[in-house]
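Have a look at the structure first, and then walk through the notes below.

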Amino acid sequence: SNVERSRRSDGKIALERAAALQEQHFFSNNTYSNSVNDIGGSGGTLVSPEGNYNITATVAATDTGCSVDGICFQVVATATGTQISDTDCSVLTITNTGVKASENSGGSATTECW
């Protein structure tokens, strides 16, 4: 629906902010962080500004496609609350190289979300 599509901007904004904070963390620590506390979260939780997405981060080489842990990141926004009805774009992601991707509720890649 149009409401679901407009709420996606909440997840996108959260991912862009988290990615920028990852870059700041790398600049200071020479590694990216898999702790959302380092990218704007608190108590191990990071929620998008309007509460439509839960944000997580990974720096594991197996998840990012990099040769070692910590030199790449992926930040993930997963729909929550009323936004879970957006089954076409349940998950939004961004990487350290700026690659944006998304998945539907079945875990298949989608292209219309960004």
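Asp 86 is buried in this predicted model, with a relative accessible area of 0%; buried here means under 20% relative accessible area, exposed over 50%, and partly exposed in between, with a 1.4 Å probe and protein chains only. Asp 86 forms a salt bridge with Arg 8, and the closest N and O atoms are 2.7 Å apart. Asp 86 sits in the loop between β2 and β3 while Arg 8 belongs to helix α1, so the pair ties together parts that are 78 residues apart in sequence.

A word on conventions: residues are numbered from 1 along each chain as its sequence is written, and side-chain values use heavy atoms, with hydrogens and water left out. As this is a predicted model, local features need pLDDT of at least 70 and side-chain atom pairs count only at pLDDT 80 or more, whereas totals for chains, interfaces and linings use all residues.

**Salt bridges**

- The count comes to 2 salt bridges, where a salt bridge is a side-chain nitrogen of Lys or Arg within 4 Å of a carboxyl oxygen of Asp or Glu.
- Arg 8, the partner of Asp 86, counts as buried too, at 6% relative accessibility.
- Lys 100 forms a salt bridge with Glu 16, with the closest N and O atoms 3.1 Å apart.
- This pair links distant parts of the chain, since Lys 100 is in strand β4 and Glu 16 is in helix α1, 84 residues apart.
- Lys 100 counts as partly exposed at 41% relative accessibility, and Glu 16 counts as partly exposed at 35%.

**Around Gln 83**

- Gln 83 has its place in the loop between β2 and β3, and this residue is buried, with a relative accessible area of 0%.
- Leaving aside residues up to four places away in sequence, Gln 83 touches Glu 4, Arg 7, Arg 8, Asn 52 and Tyr 53; contact means heavy atoms within 4.5 Å.

**Sheet and helix**

- The protein has 2 helices and 5 strands, taken as DSSP runs (helices H or I, at least four residues; strands E, at least two) and numbered from the N terminus.
- Along the sequence, the pattern is α-β-α-β-β-β-β.
- The 5 strands make an open sheet in the order β1-β2-β3-β4-β5, with antiparallel pairing; two strands pair if DSSP finds at least two bridges between them.
- β1 (53–58) and β5 (109–110) stand at the edges with a single partner strand each, so one side of each is left without a neighbour in the sheet.
- Strand β3 (residues 91–95) pairs with strand β4 (residues 100–103) in the antiparallel sense over 4 bridges, and Val 91 has Glu 103 as its bridge partner in β4.
- Helix α1 (residues 2–29) lies across β1, β2 (74–79), β3 and β4, and runs at about 25 degrees to β3; axes are lines fitted to C-alpha atoms, for helices over the stretch in contact, and angles run from 0 to 180 degrees between N-to-C directions.

**Whole-chain numbers**

- The C-alpha atoms fill a box of roughly 40 × 25 × 20 Å along the principal axes.
- Of the 114 residues, 39% count as buried.
- Among contacts with a separation of 6 or more, 43% come from residues 24 or more positions apart.
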